[in-house]
Amino acid sequence: MNTSKKTLVVIGNGMVGHHFLTSLVNSPIKETYHIVTFCEEPRAAYDRVHLSAFFSGQTADDLSLVEPGFFEQHGITLHIGDKAAQINREEQTVLSDKGVLIHYDTLVLATGSFPFVPPVPGHDRPECLVYRTIEDLEAIATVAQKSKVGVVVGGGLLGLEAAKALHDLGLKTHVVEFAPRLMAVQLDEAGGALLRHKIEHLGVTVHTGKNTQLITDGEHCFNKMCFADGEELETDLILFSAGIRPRDDIARACGLEVGPRGGIVIDNQCKTSDANIYAIGECALWNGMIYGLVAPGYAMARTVVADLASQPASFTGADMSTKLKLMGVDVASIGDAHAKSQGALTYTYQNGDLEIYKRIVVSADKKHLLGAVLVGDASGYSTLLQYCLNGIELPEHPDTLILPSRSDESGGLGPDALPLSAQICSCYDVSKGDICQAIEAGCSTVGDLKACTKAGSGCGGCAALVKSVLNSELTKQGITVNTDLCEHFAYTRQDLFTLIKVEKITTFDDLIEKHGHGLGCDICKPTVASILASNWNDFVLKPELAPLQDSNDAFLANIQKDGTYSVVPRIAGGEISPDMLITLGQVGKKYQLYTKITGGQRVDLFGARVEQLPLIWKDLIDAGFESGHAYGKSLRTVKSCVGSNWCRYGVDDSVGLAIELENRYKGLRSPHKIKFAVSGCTRECAEAQGKDVGIIATEHGWSLYVCGNGGMKPRHADLFATHLDKETLIEYIDRFLSFYIRTADRLQRTSVWMENMEGGLDYLKSVIIEDNLGLCEQLEAQMQHVVDTYQCEWKTTIEDESKLKRFKHFINSDQADDNIVFIEERGQLRPAETKDQKHFKLVEVA
Amino acid sequence: MSHWQTICEVDALQANSGVCALVEGQQVAVFYMPKSQSVFALHNYDPFAKANVLSRGIIGDIKGEPIVASPVYKQHFNLKTGCCLEDETVKIPAYSVRIDQSHVQINLDYD
Ligand code: SRM
Ligand SMILES: Cc1cc2nc3c(=O)[nH]c(=O)nc-3n(C[C@H](O)[C@H](O)[C@H](O)COP(=O)(O)OP(=O)(O)OC[C@H]3O[C@@H](n4cnc5c(N)ncnc54)[C@H](O)[C@@H]3O)c2cc1C
Ligand code: SF4
Ligand code: FES
């Protein structure tokens with residue numbers, strides 16, 4: 001170890017502690033420190049904000065905030081599952097539960113908070129739980145299994161999220177709140193009442209103004225809650241979500257200053273009363289405030305990094321505005337929601353029919369927005385927040401901001417009206433200026449911006465605003481985002497899809513005559529060929545379609561570097577009988593083809609000359625093989641693991657499902673290739689989470705993942721739906737694929753398509769699962785047509801003399817192309833390179 | 001001196017794409033656009049891929065000039081001149097070709 005380095009110890013590897021580490025390693029001062037962190041939990045930092053996703057199938061790994069190899073790469077010592085027990089400020093040491101003793105030069109406390117459990121008698125009964133860590137959720141799942149009724153104590157933000165989780169776990173759910181309304185911190189009375197109404201409508205019972213006095217044995221359930229007003233409630237599971245308390249015990253014990261109601265006191269540099277010790281996140285008390293949100297914690301973390309680097313930086317409070325969807329209900333609260341500021345004026349809009357409530361709080365001079373409450377429709381959140389945070393002067397009649405616009409004029413605040421300093425993403429403190437800079441440096445999509453600035457990759461609340469800033473900046477820079485497919489068509493692929501579908505166009509000539517100009521090119525022809533195939537599914541080598549096909553489709557095989565082709569028969573789901581395998585071997589041998597197992601669980605036969613293709617396929621088809629469409633932008637393979645038929649862990653028949661899916665979607669032409677996989681259990685041997693469509697068997701049915709891929713820019717698939725039976729699964733996949741085919745750009749894989757979609761995964765779910773575009777029936781019909789009109793393209797080809805004409809090297813001679821020369825290597829043939837000619841004997845192939 | 005020879009009949013051509021003919025030991029890619037009744041001929045050898053494949057490329061036009069796109073790495077070649085659009089130092093032989101009655105005729109003496 002470099003002894004000239006100072007030691008920096010971080011206690012707590014939660015969300016904020018980890019954000020501190022990632023900010024630190026990106027700063028040059030990281031070189032001056034040897035970094036050590038204590039992590040009490042059995043795993044390093046994970047995304048607590050999205051903790052509930054654990055119940056919809058996300059694993060601890062999915063939630064992890066740690067980039068693979070992070071600690072190793074940056075030389076950070078991580079003491080996992082080890083709690084810091086004592087701080088000795090004189091000696092400047094930390095001692096852990098497991099006995100690690102470390103000297104520190106600088107200490108950062110990021111110990112977070114713990115859920116407050118009111119000390120009512122019975123609060124420690126076995127079914128009384130809290131909602132903060134992955135272990136808590138595991139405990140909830142276990143108790144829920146034997147429960148019918150669940151109560152959440154606390155009707156705040158977190159309480160309602162927990163209630164949703166219980167509701168989804170199938171429990172009859174109640175929320176018990178001490179205050180007279182839900183979300184008392186954020187909402188006013190009318191807003192709270194509307195929220196309550198909506199939530200009860202969803203089947204959760206809400207009890208407000210209830211003071212729990214005792215928890216004891218129940219008669220029908222495990223427990224009974226007794227309230228001060230004499231009422232009782234029987235329940236099995238009880239979940240406390242009655243606020244948080246800072247974890248300041250370790251700080252308290254070593255004499256650091258703490259607040260009267262807890263919290264480690266910090267100044268604007270996040271320093272505690274000891275100059276060598278900082279505190280950040282939910283354990284810190286700044287100006288009498290504990291911030292129970294990630295964004296302020298992250299801001300504190302960045303402040304400490306800057307302070308360590310001797311850069312001027314201060315934490316001066318944070319905005320507590322929030323927007324979220326609680327049980328499907330939009331709720332938002334901004335700034336001074338309760339109109340406590342002097343002279344504040346309020347404007348309220350209430351729509352009893354649509355169940356919308358909006359209220360804004362405006363300064364006495366009507367110039368500035370101080371706060372807002374939105375329930376039922378939070379679409380105005382970004383605009384209002386910007387008015388509030390950036391002190392932008394309000395329009396003459398502030399109420400236009402919340403009144404529904406009946407005309408075209410929108411009360412929205414264009415991104416141009418924002419100053420460069422306006423904070424767009426609060427999670428990662430990204431300003432409009434940062435975004436503009438990234439755009440200047442070449443970012444041109446939301447995906448680019450995410451990767452480059454991280455804007456939008458936290459809570460996701462700012463996504464729409466990021467997109468609108470991007471669009472307006474690009475337009476300003478004169479980068480008219482030209483979306484024309486090519487010089488022959490002033491349309492996007494999506495436009496052409498619609499034209500072809502609506503006008504029932506079946507040929508390229510017809511399309512270009514009506515909607516394009518010129519002769520076409522190698523961009524528009526294959527694109528149109530693909531759209532025609534997706535819509536009408538005609539044989540791709542029909543005379544009027546064949547000239548449109550891309551290199552590989554044109555000969556129903558993959559062209560290789562020397563002008564020969566490869567042949568890939570379909571092996572659905574990777575299942576193949578010994579006899580079929582033998583046939584492949586025989587065909588390979590007969591035509592002297594180089595034979596290889598592909599990365600897609602099938603066999604590729606290389607080195608076929610164009611004139612050999614029909615002969616090879618005749619042999620294969622006679623033996624029962626079909627085209628594998630390895631040549632198409634189309635469904636490739638549905639990879640499978642062995643699954644429950646053989647595997648001792650298998651939960652369901654992954655091979656059977658893979659075969660069924662491959663046979664359903666085979667031949668489907670799409671904007672780019674599509675790959676599937678099906679795994680028989682969560683061990684995931686089929687790597688389904690790396691596919692466009694991935695399916696994993698669980699005890700409760702199939703889980704569907706979408707929009708993953710390997711290749712150049714690997715992307716993990718997102719969990720889309722769980723607990724599916726096969727019929728629903730297929731219905732979702734039909735819709736998903738059809739929607740992709742309709743709306744993606746040319747050569748855009750599902751991942752990029754989804755990432756560029758406004759609203760992303762949630763929007764996709766709303767279209768596919770909730771059918772909020774009313775499209776699902778059409779999407780299913782579109783797919784069913786393709787399924788019903790499937791043909792093996794090779795079978796059609798070899799059965800028709802006239803189609804075979806194109807499979808010749810010369811029209812006027814039976815000679816072969818003498819430029820194709822093979823050499824032998826490892827017992828098989830491969831194309832000869834110029835350099836080989838001296839060293840090897842060239843093999844003449846008859 | 002010009003010398004035209006018949007290589008095949010029109011119906012041996014593929015509408016809106018190419019075929020390859022063997023002419024005096026040379027591989028010649030012949031492209032046919034029936035609408036304008038035009039034919040073009042280039043050598044079949046793609047210098048980028050080092051393979052005889054150009055007859056299998058997609059044809060069309062770019063800025064009004066007729067082109068073929070190589071099926072391997074997709075460079076474009078002008079069907080009239082053989083010039084590569086992506087790399088002006090590359091030019092492949094282009095031949096005179098015509099349809100006489102129903103005969104497709106070629107003149108290999110290009111300069
Ligand atoms: C044969 C095979 C390699 C092998 O010997 O294993 C292969 C070969 C080719 N791949 Fe692949 N890929 C093969 C599996 C894969 C896999 C693995 C998989 O499917 O599990 C991947 C990564 C997974 C994925 O796609 O998400 C893969 C990612 C690519 C990519 C990058 C795609 C991307 O989105 O980044 C390309 C390029 C492209 O499509 O634009 C590509 C393109 C190609 C092409 C078509 C390149 C070309 O145009 O010549 C290769 C020609 C295939 C041929 O001649 O038959 N291949 N390729 C594999 C065929 C599998 C099959 O049975 O059909
Ligand atoms: C279900 C849920 C939903 C939420 N949703 C949102 C949301 O939508 N938006 C939002 O902004 N915020 C949300 N939050 C709050 C957010 O998660 C917290 O603000 C954030 O996690 C605080 O980070 P932290 O690092 O201060 O604390 P934590 O993430 O709790 O991390 C503290 C860590 O320190 C460890 N630790 C404590 N003492 C010691 C010790 N002595 N030695 C070693 N380790 C120790 C703890 O075990 C813990 O791992 C949500 C929280 C929950 C539970
Ligand atoms: S994913 Fe599960 S069922 Fe499939 S092979 Fe692996 S362990 Fe067995
Ligand atoms: S504000 Fe949370 S991701 Fe941008």
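Reply: Gladly! Let us start at a hairpin: strand 24 and strand 25 of chain A have 6 residues between them, and in this hairpin A:Lys366 takes a positive phi near 60 degrees. This is a predicted model, in which local features need pLDDT of at least 70, side-chain atom pairs count only at pLDDT 80 or more, and totals for chains, interfaces and linings use all residues. Residues are numbered from 1 along each chain as its sequence is written, chains are lettered from A and ligands numbered from 1 in the order in which they are written, and side-chain values use heavy atoms, with hydrogens and water left out.

Me: How do you know that strand 24 and strand 25 of chain A pair?

Reply: Two strands pair if DSSP finds at least two bridges between them. Strand 24 (residues 356-362) and strand 25 of chain A share 6 bridges in the antiparallel sense, so they pair by that definition.

Me: Why is strand 25 of chain A called mostly covered?

Reply: Buried means under 20% relative accessible area (exposed is over 50%, partly exposed in between; 1.4 Å probe, protein chains only). In strand 25 (residues 369-375), 6 of the 7 residues are buried. Across the 846 residues of chain A, 52% count as buried.

Me: What makes the buried residues of helix 11 of chain A line one face?

Reply: They are A:Val446, A:Leu449 and A:Thr453. The arc is taken from the directions from the helix axis to the C-beta atoms. Seen down the axis, these residues fall within an arc of 60 degrees, so they line one face of helix 11. They pack against strand 27 (430-431), helix 10 (432-440) and helix 12 (463-476) of chain A, where contact means heavy atoms within 4.5 Å. Just after helix 11, A:Lys454 has a positive phi of about 75 degrees.

Me: What makes a run a helix or a strand, and how many are there in chain A?

Reply: Both are DSSP runs numbered from the N terminus: helices are H or I with at least four residues, strands are E with at least two. Chain A has 26 helices and 39 strands.
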